[in-house]
Amino acid sequence: MSTDDIRDDTILEEYRESVDHPIYRLFSEYGRDHAHWFAIGVVTSTLARFLSLVPPVILGIAIDAVFSDDQVYSLPLVPQAWIPGSTEGQFWLSVALMGVAMALAAVMNFGRTSTLNWFSHRVKHEVRTDTYQQMQRLDMSFFNDMQTGELMSILNNDTNRLELFLDNMMDSAIQLAVLLLGIGAILFWINPQLALVTLVILPVAGLFTLWFMRRVEVMYAQIRSQVGDLNTRLENNLSGIEVIKSATTEEYEGDRVEETSYEYFRRDWRALRMNLIYRPGLQLLTSFAFIATFIVGGIWVLSGPPLAFTGTLSVGELVTFLLLTQRLVDPLAQMSEIVDRYEDAKASTSRIYALMAIPVSITDADDAVELEDANGRVEYDNVGFSYDGETTVLRNVDFAVEPGETVGLVGPTGAGKTTILKLLLRLYDVDSGAVRVDGYDVRDVTLASLRGSIGYVSQDPFLFDGTIRENLTYGAFDATDEEMIEAAKMAEAHEFVRNLSKGYDTQVGERGVKLSGGQRQRLCIARTILADPPILILDEATSDVDTETEMLIQRSLDRVTENRTTFVIAHRLSTIREADEILVVEDGRIVEDGTHEELIDEDGLYANLWSVQAGEIDDLDAEFVERASRRAAMRSRDTEDE
Ligand code: ADP
């Protein structure tokens with residue numbers, strides 16, 4: 001098991017253990033709004049089952065009274081005066097009663113399936129939507145620890161397990177309860193002594209079920225968690241298929257998938273093995289009840305009450321007894337499936353509730369204000385930050401940017417440039433100090449208004465599945481075509497989009513036309529331009545394009561950034577040469593700041609980086625080279641540690 005898997009499990013496991021009575025909570029929280037459908041389902045299901053018991057009872061009575069004249073024709077709850085005197089009349093009454101009961105049962109069955117299905121599908125839909133909403137709210141730090149595959153597994157597999165349980169099993173459970181109570185009552189009404197013989201298996205079956213439930217509960221939790229692991233592995237490998245192929249690690253990855261899948265099989269099989277004992281076990285018990293009833297009842301009918309039994313038993317009564325006992329066999333055997341699905345659903349519900357229980361720390365404060373029409377003044381006030389609470393990533397970051405200014409951030413990889421800007425977006429909260437926009441602490445304004453004021457073009461331009469038009473207007477849904485084309489022109493994207501066969505209606509994303517990194521980047525810039533935010537973050541936004549395109553984008557960016565506060569993280573220092581201020585970040589600290597000219601004069605880290613890029617490697621400071629190689633050594637050590 002890789003370290004990632006262990007991390008996944010611990011987060012979810014921690015919260016899963018704190019989830020009490022998941023199925024009860026599911027019903028009380030999600031079932032409440034649809035309780036009326038559920039109630040109708042229960043009533044119709046109950047009636048359908050009771051109606052299904054009518055024919056065997058009538059049959060028993062008819063055998064005794066109509067066919068063999070052993071007894072008087074009498075029906076429970078029906079006054080004797082209503083019953084016809086002639087045998088023929090009684091025969092047709094029996095036929096009519098059975099026919100009506102069957103027809104009514106069919107109607108009730110329709111009511112039962114439609115309402116219970118509606119109930120279970122609604123609950124599943126709402127649980128899925130809520131789980132997704134919660135996932136969107138969760139802090140970024142959570143996504144660092146949790147794998148996409150695991151989350152997909154909760155959103156998909158686990159919610160689907162609920163349906164399996166709610167749909168069929170609820171109905172089966174109702175059916176079982178009704179049949180047990182109904183059949184039990186009828187058997188006792190016909191002959192309490194023989195009923196004891198038949199029903200003595202019930203407590204035994206109960207104990208057997210309890211034993212089974214105890215054992216499979218843990219097994220199902222393990223299975224669900226293994227499904228998550230398997231999903232994670234598959235998702236990882238599919239996204240990294242290019243790396244796998246180019247590194248020819250197919251065999252290695254094949255083995256890893258096999259290992260994870262085998263573990264899933266093993267856990268699944270273990271639970272299944274329990275089922276293999278439980279199901280036939282229950283069946284055997286009910287068959288035993290049937291045989292015992294037949295033996296005792298048979299002797300009774302043939303030669304009077306055996307052993308300590310007293311009274312009489314007619315053939316008709318015995319037939320009813322046996323028919324009804326037979327009716328118990330299937331539902332009781334089904335009980336194993338109900339219990340099985342119940343445990344399965346409980347494991348899934350626990351995982352869903354565990355996800356829901358994970359606290360979200362980055363949310364709107366109760367008294368959060370809207371950041372309206374921000375001017376774009378940004379201030380970092382002695383900020384300190386760490387991702388994991390242990391390794392300090394930023395310390396004493398302190399600077400201010402006036403509205404409309406362009407700030408360049410430079411420094412070695414891993415220095416903390418991206419992290420500084422993630423704090424502005426409040427993807428994470430600072431550990432000490434404060435980040436302010438227009439004088440407001442970012443923690444005091446609503447997340448939506450804060451992030452809505454900031455445009456972010458990341459290092460890894462992402463396009464959603466959909467057309468170019470949908471991607472460009474993402475977030476600025478009301479934009480007109482003219483505005484969209486204008487933005488695309490500014491980002492130097494219009495030309496290449498026009499040359500695509502379907503222009504702005506071309507499908508992009510995973511299933512669409514494959515665009516180059518540079519083209520994707522230009523589309524993302526256009527999207528941000530269209531959203532027109534007062535603050536702009538360009539994170540190595542032009543790293544993926546050729547020099548010529550970069551020059552074009554740079555030209556348009558100069559226009560775009562003109563009257564908005566802009567942060568540019570750039571490795572190519574030429575792109576930020578004109579910035580109003582350049583911050584040089586090293587080891588989580590701002591070590592130099594000033595304009596390009598000032599920093600060159602200072603002859604520090606920036607001046608040296610500039611020399612490297614200008615190709616003046618021979619003129620570098622000895623100390624700079626030493627620091628660079630020290631950093632490179634640390635980076636390779638970090639990689640080894642991983
Ligand atoms: P830069 O943008 O200057 O290359 P980053 O801000 O991306 O640097 O990273 C700064 C430090 O924080 C690095 O040591 C990096 O390993 C660490 N880091 C970045 N992102 C995360 C994260 N999501 N979780 C934990 N550590 C991170």
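In which helix does Glu-598 lie? Select Glu-598 in this predicted model: the residue belongs to helix 19.

**The negative patch**

Next, highlight helix 19, which spans residues 596–602. This helix supplies four residues, the largest share of the patch.

Side chains of opposite charge can pair when their charged atoms come close. The structure contains 22 salt bridges, and the next stops present several of them.

Select Arg-25 and Glu-29, whose side chains form a salt bridge with an N to O distance of 3.0 Å. Both residues sit in helix 2 (residues 22–31), four residues apart, about one turn of the helix. Arg-25 is partly exposed, as its relative accessible area is 26%. Glu-29 is likewise partly exposed, at 41%.

**A salt bridge between strands**

Move to Asp-381 and Arg-436, where a salt bridge joins the side chains at 3.2 Å, N to O. This pair connects distant parts of the chain, with Asp-381 in strand 1 (residues 378–386) and Arg-436 in strand 4 (residues 432–437), 55 residues apart. With 28% relative accessibility, Asp-381 is classed as partly exposed; Arg-436, with 22%, is also partly exposed.

**A salt bridge from loop to helix**

Now select Asp-505 and Arg-469. Their salt bridge has its closest N and O atoms 3.2 Å apart. Here too the pair links distant parts of the chain, at a separation of 36 residues. Asp-505 occupies the loop between helix 16 (494–499) and strand 8 (507–508), while Arg-469 lies in helix 14 (residues 468–472). The relative accessibility of Asp-505 is 40%, which makes this residue partly exposed. Arg-469 is partly exposed as well, with a relative accessible area of 25%.

**A salt-bridge network**

Methods: Residues numbered from 1 in each chain as written. Predicted model: local features only at pLDDT ≥ 70, side-chain atom pairs only at ≥ 80, totals over all residues. Heavy atoms only, no water. Helix = DSSP H or I, 4+ residues; strand = E, 2+ residues; numbered from the N terminus. Salt bridge = Lys/Arg side-chain N within 4 Å of Asp/Glu carboxyl O. Buried < 20%, exposed > 50% of the residue type's maximum accessible area, 1.4 Å probe, protein only.
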